[in-house]
Amino acid sequence: MSFLTELSERIFILDGSMGALLQERGLPNGYAPDLWNLENPDPVRDVHRQYADAGSDIILTNTFGASRLRLAEYGAANKLKQINHAAVRLAREGAPGCVIAGDIGPLGGIMAPSGEISFDEGMGIFREQARALVEAGVDLLVIETMFDLMEIKAAVIAANEVRKSVPLLASMTFNTDGVTDTGTDPVTAACVLEGLGVDIIGINCSTGPGPMVDVVERLAATTTLPIAVEPNAGLPVHKGGRTVFEMPMEKVASYAESFAHAGADIIGGCCGTTPDYIRLISKSLQNIRPKERQFEKAMSFTSRMVSLQAGEGQPFIKIGEKINPTGRKSFAQSIKDGRVDMIVSDARKQYESGALALDVNVGVPLVDEARSMEKALVAMQNVVPIPVVIDSSYVSALEAGLKVYPGRALLNSVNGESERLEEVTPLVKRYGTSVIALLTEDEIPELAVDRLKIAEKILLYLEDNGVPKDRVIFDCLALVVSAMQDGARQTIETVREIKRQFGCPTLLGVSNVSFGLPQRRVINSSFLAMAMGAGLDAAIINPYDESITRTVAAASLFCGRDPQCRVYIDMMEVSEKTDSKPETGAGPKTTTEKIAAAILEGDKDSIENLVKLALDEGHDALALFVDVMTPSIRRLGDLFAQRKKFIPHLVAAADTMKRGVAVIDPLLKKLQGGSDKGTIVFATVKGDIHDIGKNICVIMLSNFGYKVIDLGKNVPAEEILRAAREDNADIIALSALMTTTMMQMKVIVDEVREKNLPYKIMVGGAVVTKTFSDEIGADAYGKNIGEIIPVTSSLMESIERQGTV
């Protein structure tokens, strides 16, 4: 019986923490556990043996950080293959008879578009490690502790290329609110991962077991794939010079049955869990079978933060049509000029007008459409949260968009022509997208029966090439009623028959149907209502047309898409308030208001011109920095703390402010007390090669006027203290993401205190808590990236007060 088959019969037990157990066996603080696969293999083998003896069915290899990028931090990138191969061998020797899972962790850097690691580069790094693990004979590949959809997409696609028949588990990490630090909820994550073809979806790390039960329940209500869960033993604290997890193993293990009842099929542990925990859950789960989950899948597509389902009973999907240069000379010219301001403006306006998704077409003759698509999608991501339809006749433009788009995109489109199917289908499969299928070949058939033949052809081709029909939505093609009245009526019949014969959702572009006739809005609305009555699920429409919005709301009442009439009532209440609201005369935004908005939205393409315009209007450079830019970045930090903005927004905003500050920096340096507010030495501590949060903090602090010396990651204590001395630092800022490296913070704090050095120390990172900060004697603690500015400002104020005493 295969592993996946057996997984449907019983719950499997995964192992627990590796790093902490190796530290108990002598692994130095800050040293890479992966290197011990070659240098000191006996303790690694012994940990595997302990977990197997305790009841683990699945053993993770000691390779969480054994990728090229992370091993390079220890000068061991050239040993990648040997380290991964040795890890698999040690797991086999320590746990014979267990499922050996090749463990792949995050890159340790930020992927584009938020960071500098391109999608192709990230895939290459993941592919290299996955290939080494598969060559060594693993039974399962596990990609874990991911919080960014772009990164996990790159990892899964890379693994798919080399894993052959080896099953794949992909696991993300969620915070206590059930959302990742990049804003992704479990439903969206499941939709993306299922589309990419993973075999098992998991959640691990980040929190203790309590909040993870709800995440498992949400996953179980979304996907029929097996679910894995690996909770931490709460959050770590500092005791007796060691990092420990205080939650008793009995307490962590008490959640095992809740996980199983919620829908988990694989249960293990992450940071702080031990063989004792595995022994307890193995016993408690002995007679519990996996929960059965069966339901019809709906066609879906997502952004990073929002998922949409198309089908019977689902809300009708209004797709905005306005990001399209056809018939719009100024819009086309902006694309030719390489600008995205009009794209961003249209995206925002359509979203505010009620569009649930946006069609993006940037095709302009003699312009690199692939590059234009990439720029458009990157610019839109931080302005609107809704999904997009990537619309192009060029495969290169579709793929360029997919490499910067974090969600499951909807591609526009395939049709019945063999060449188009052969071009686009590989993209749909590789990137896990959904796809619009146009019911046309070399011409549009007038009769419904002929369109249905094309639908059948498309479905057969897609399914033969690994794309299931729940990833397809059919565009039944609205014909111009003034020229083809019977053809327009046949469109309604096609909608009805697609639903009846194939059970697939349907879509129409509404605006074309009324071409050449007066009072087009009346015709469009009437046609849309009739199509919805026949079962239409989505439409590409003009969201600024209030008659369309009202038609969708009213027709949804009769189509089972608006239970209790809530959407319609809410819409009418908003409309009545708008109609009765007197004109405010607010007028357009001022230049300074536009600067503030550009920073909040990460509009880096507009900020430089806006700042120059403000200077031309007579605004003072220092006032722009202090009164406009600074409050915007503070506001963003507040929104991050409220979980209304996420890491991609912070990165984009920081980059935008950096560009704006560069315009006024020469002027600021001429002024008294210019931009030098203090000096900060910033580093990720020795042994820790995670610097995503640190990098964002560095940018934000630099933009805020501080001189920041960024020492990078995996920095020894003596190097940090030397830099602080040489640069006459006011503050040493330390980051750590791993429980095995946290104690390096204490080493530095102790050195500063013992030698009475004149530096304040602030600490932060995913595993660091206020309690830990207080216990090691740090001067300040930042709970998250959003707190870096107020915490630093407060600390500098205390330094200044001390200086005046």
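The model is predicted, so local features need pLDDT of at least 70 and side-chain atom pairs count only at pLDDT 80 or more, while totals for chains, interfaces and linings use all residues. Residues are numbered from 1 along each chain as its sequence is written, and side-chain values use heavy atoms, leaving out hydrogens and water.

The protein chain has 32 helices and 25 strands (DSSP runs numbered from the N terminus: helices are H or I with at least four residues, strands are E with at least two). Its radius of gyration is 28 Å, close to the 28 Å that the globule rule gives for 805 residues, so the chain is as compact as a globular protein of that length. Here the radius is taken over C-alpha atoms, and the rule is 2.2 Å times the number of residues to the power 0.38.

Turning to the sheet, 5 strands form an open arrangement in the order 22-21-23-24-25, with parallel pairing (two strands pair if DSSP finds at least two bridges between them). Strand 22 (707-710) and strand 25 (780-782) are the edges, each pairing on one side only. Further in, 5 bridges join strand 23 (residues 731-735) to strand 24 (residues 760-764); in one of them, I731 is partnered with K760.

K713 lies in the loop between strand 22 and helix 29 (717-726). With a relative accessible area of 17%, K713 counts as buried (under 20%; exposed is over 50% and partly exposed in between, with a 1.4 Å probe and protein chains only).
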